[in-house]
Protein chains: 2
Amino acid sequence: MILWYDFPMKKKIKVGLIGLGTVGSGVFKTLRNFDYIEVSKIAVRDINKPRNIEGLDKSLLTDNPYDVVNDPEIDIVAELIGGLDPAYDLITTAMKNGKHIVTANKELLAKRGEELFSTADEYNRVILYEAAIAGGIPLIMPIKTILAGNKINKIEAIVNGTTNYILTKMDVQGASYEDVLKEAQQLGYAEADPTGDVEGFDAAYKIATLSTITFKKRIKIEKIYREGITKIRSQDMKAANDLGYKIKLIASGKIDENGKADVRVHPMLVSKKSTLAHIDYVTNAVSLTGHPVGSITLSGPGAGEFPTASSVVGDILAISAELGTSDYILPMMRCRHAENADMTDISETENKYYMSINAKNAMGVIGKIGNICADNNISLASIVQKCVSDDNTADITVITEIANEKAMQNAVKLIEQDGNKVNSLIRVQV
Amino acid sequence: MILWYDFPMKKKIKVGLIGLGTVGSGVFKTLRNFDYIEVSKIAVRDINKPRNIEGLDKSLLTDNPYDVVNDPEIDIVAELIGGLDPAYDLITTAMKNGKHIVTANKELLAKRGEELFSTADEYNRVILYEAAIAGGIPLIMPIKTILAGNKINKIEAIVNGTTNYILTKMDVQGASYEDVLKEAQQLGYAEADPTGDVEGFDAAYKIATLSTITFKKRIKIEKIYREGITKIRSQDMKAANDLGYKIKLIASGKIDENGKADVRVHPMLVSKKSTLAHIDYVTNAVSLTGHPVGSITLSGPGAGEFPTASSVVGDILAISAELGTSDYILPMMRCRHAENADMTDISETENKYYMSINAKNAMGVIGKIGNICADNNISLASIVQKCVSDDNTADITVITEIANEKAMQNAVKLIEQDGNKVNSLIRVQV
């Protein structure tokens with residue numbers, strides 16, 4: 001067990017999970033790293049289903065989720081089953097029983113958020129839901145904490161991985177919507193009935209909640225204009241490209257100075273100069289614009305067992321820190337890390353390199369450079385002799401495979417001793 | 001005064017500012033939006049300097065910063081002067097006097113963070129410093145809160161706006177380092193003595209603190225390998241481009257399974273497929289990779305009066321919320337926003353449009369489409385008739401200027417009534 005936190009917890013926090021599917025498993029596995037957290041009960045549909053989860057004590061399982069929300073020992077309930085019923089009643093009952101809530105349920109928040117937050121208020125409980133919007137991307141907590149000084153008036157977001165995957169594939173392959181959808185279904189990126197994703201319902205749930213907390217006014221899901229991607233043609237992709245754009249399914253929200261909101265989900269041509277144009281495949285991204293911050297963009301994985309678990313666990317830890325450390329304000333924001341890191345010297349590191357050489361005599365020089373590199377265990381990924389100048393010198397550009405820094409510096413010295421000039425040695429991202 | 005927060009504060013929080021330069025002014029102006037915060041004292045170098053700051057009561061000014069840190073009424077001190085001395089002693093004295101600290105001082109944190117955080121621990125105070133790294137980008141608070149469930153083992157970041165501006169300009173214009181530096185100095189993006197930026201010192205300060213809190217081991221500033229951008233040539237930019245890369249000054253950190261860290265600042269070729277390659281001019285970006293989240297990238301403005309103020313104010317509000325609401329856990333994470341937003345219907349919105357038309361008869365069709373658009377107050381930004389097919393139809397691609405949705409839908413109807421087929425109508429990002 002690793003105690004990643006650096007503040008002393010006064011008590012163990014008991015967590016109940018409702019659901020042990022993809023997300024639930026990721027949450028369970030991640031919580032095991034924190035020895036002040038105990039997962040003390042888990043509601044599943046079928047207790048006897050074989051589950052390959054290391055460290056799972058089967059006696060914690062129950063097939064009655066009310067066993068979790070009615071357990072007087074439990075501090076925090078994480079609802080990870082999705083859908084409206086029975087999730088709504090389970091969360092409400094849990095709050096009435098004094099539990100704080102963590103949920104990834106975007107549909108429930110969009111459709112019944114108002115009632116849920118009223119109940120939370122009445123019973124002085126918190127509902128956290130970082131995982132419900134844009135998976136692993138830090139979004140809700142930053143908006144509500146470090147960005148709290150801002151009046152954010154514009155959101156543009158890619159929050160549905162399935163449609164972004166389809167649009168990216170259509171763009172890259174020049175393929176039709178129908179063909180790419182079929183492929184996405186085979187790969188598990190799209191469901192057998194893809195309606196919720198491709199018609200924009202999923203994105204609409206997410207922008208409903210995101211714009212509500214960002215604009216601090218309730219945005220009703222039924223008032224959001226929604227258009228899916230089913231009519232996008234590969235010809236449109238190509239035409240957009242020629243004009244300097246990519247086509248993305250954008251969930252957007254704006255609010256004007258009079259508090260009038262314009263919230264929608266529809267395909268959009270986005271300029272290749274914008275960050276969103278480069279968000280490809282299942283990646284999600286959210287751009288926020290406001291004052292005083294200006295424009296920021298947060299991007300990362302929008303779904304999946306572990307990214308979603310990151311957000312669910314982050315929410316659980318935030319509540320746990322507050323419940324377990326009554327003497328402190330902002331316990332998570334403390335800095336201790338007293339131990340100095342053991343550091344690798346640059347000479348011991350392994351890197352790829354870009355090297356630009358001006359070679360005195362073009363004849364046979366590539367062979368010599370190749371030999372020097374080989375003698376130093378440096379493999380070359382590419383070598384280009386671009387132009388021979390009037391003075392009988394040649395400009396040679398080399399990209400290496402991963403090599404040792406000390407060996408590379410030695411090779412540079414030998415190449416220069418051979419009468420050449422190494423103009424640049426720049427490391428390459430691996 | 002707007003109360004942007006939605007939780008009841010029991011008391012007014014008193015804030016003292018040290019410094020009223022660019023950042024200090026932005027902080028002062030932003031804090032005025034919060035009626036439960038009172039800026040009660042401000043230390044400046046020259047009390048009599050003319051300052052054009054609305055709402056500034058000159059009686060709050062003092063030229064002795066110890067008046068701020070010794071004021072028994074003040075709850076939070078924001079240190080915004082930078083440098084080691086007297087900032088170190090001021091912060092230390094303030095903590096000993098019971099104040100919490102917000103600072104934007106990257107050099108001080110990198111060089112004396114260990115002592116400062118020990119003092120904070122001893123006196124049970126918090127030091128928050130979101131503004132010290134990557135300006136307005138939410139970074140420190142997300143790492144320490146919502147990402148707390150992760151073991152992050154890799155950081156790649158563009159955290160110096162000056163060098164990123166210079167490298168972007170070199171790339172776009174094909175200009176030399178020297179020429180672009182001169183231009184950047186004239187525009188105020190680079191200082192008269194640019195050493196701190198162009199030799200990577202500023203980025204090293206930032207990655208020292210960022211890697212320390214991310215890896216939870218202290219990274220000593222003097223052990224960070226550092227290389228600046230002064231030797232990058234325009235030829236390297238061009239060669240990198242041809243090979244599918246951009247050159248960026250990257251502050252990076254890695255930590256291996258044995259806790260050995262590799263932290264550096266140097267130029268790097270980054271693949272055009274990566275998000276960092278598209279972070280241009282003074283924008284900053286930080287990519288974090290770990291488990292369970294995977295890879296996320298946070299980007300936005302890295303400096304400037306207002307972006308920096310966003311982070312300083314966010315930190316001040318986080319401390320204030322805890323000091324002012326003793327009955328609550330996580331007061332900032334509560335959701336209320338009971339009021340429904342007034343919503344704009346899609347038919348009333350203004351948008352740019354991409355329209356793809358298959359025209360029955362190519363003869364004169366562009367003129368007719370132009371007339372229909374003009375009759376509906378729709379200006380055209382571009383119109384391209386790409387190819388005429390064998391069946392005597394033409395494919396026409398139109399991009400409009402900003403137009404009314406209802407008018408656009410009407411134009412589509414009229415274009416179709418004229419015997420053409422509108423295959424696609426997609427909105428364009430404005």
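**Conventions.** Since the model is predicted, I take local features only at pLDDT of at least 70 and side-chain atom pairs only at pLDDT 80 or more, while totals for chains, interfaces and linings use all residues. Residues are numbered from 1 along each chain as its sequence is written, and chains are lettered from A, with ligands numbered from 1, in the order in which they are written.

**Entry 1: chain A overall.** I began with the extent of the chain. The C-alpha trace of chain A spans about 85 × 55 × 50 Å along its principal axes. I counted 13 helices and 18 strands in chain A. Helices (H or I, at least four residues) and strands (E, at least two) are DSSP runs, numbered from the N terminus. Next I looked up burial. A residue is buried if 20 or more other C-beta atoms lie within 10 Å of its own, exposed if 12 or fewer, and partly exposed in between, with C-beta atoms placed from the backbone. By that count, 53% of the 430 residues of chain A are buried. Then I checked contacts, which need C-beta atoms, placed from the backbone, within 7 Å. Among contacts in chain A between residues at least 6 apart in sequence, 71% join residues at least 24 apart.

**Entry 2: domains.** The bounds come from an automatic or database domain assignment. In chain A, domain 1 is 13-136 + 306-333, domain 2 is 140-301 and domain 3 is 346-428. I found the C-alpha centres of domain 1 and domain 2 of chain A 27 Å apart. Their contact takes 15 residues from domain 1 of chain A and 14 residues from domain 2 of chain A. On the domain 1 side, helix H4 (residues 106-122) of chain A gives the most, with seven residues. That side of domain 1 of chain A divides into seven nonpolar, three polar and five charged residues. Here Ala, Val, Leu, Ile, Met, Phe, Trp, Tyr, Cys and Pro count as nonpolar, Asp, Glu, Lys and Arg as charged, and the others, Gly among them, as polar.

Entry 3: Two strands pair if DSSP finds at least two bridges between them. I traced six strands of chain A in an open sheet, in the order S3-S2-S1-S4-S5-S6, with parallel pairing. Strand S3 (61-62) and strand S6 (127-128) of chain A are at the edges with a single partner strand each, so one side of each has no neighbour in the sheet. Strands S1 (residues 13-18) and S2 (residues 37-43) of chain A pair in the parallel sense over six bridges. Within that pair, A:Val15 has A:Val39 in S2(A) as its bridge partner. Helix H1 (residues 22-31) of chain A packs on the sheet and touches S1, S2 and strand S4 (76-79) of chain A. The direction of H1 makes about 160° with that of S1(A). Such axes are lines fitted to C-alpha atoms, for helices over the stretch in contact, and angles run from 0 to 180 degrees between N-to-C directions.

**Entry 4: around strand S9.** I moved on to S9 (residues 245-255) of chain A, where ten of its eleven residues are buried. Strand S7 (residues 151-158) of chain A runs antiparallel to S9(A), joined by four bridges. A:Glu156 has A:Ser252 in S9(A) as its bridge partner. S9(A) is also joined to strand S10 (residues 260-271) of chain A, antiparallel, by eleven bridges. There I saw A:Ile255 opposite A:Ala261 in S10(A). S9(A) and S10(A) form a hairpin with four residues between them. In the turn, A:Gly259 has a positive phi of about 80°.

I then listed the interface: 106 residues of chain A are in contact with 105 residues of chain B. Helix H11 (residues 305-324) of chain A gives the most to the chain A side, with twelve residues. That side of chain A divides into 52 nonpolar, 32 polar and 22 charged residues. Strand S18 (residues 421-428) of chain A pairs with strand S10 (residues 260-271) of chain B in the parallel sense over two bridges. A:Val428 stands opposite B:Leu269 in S10(B).

Methods
Contact = placed C-beta atoms within 7 Å.
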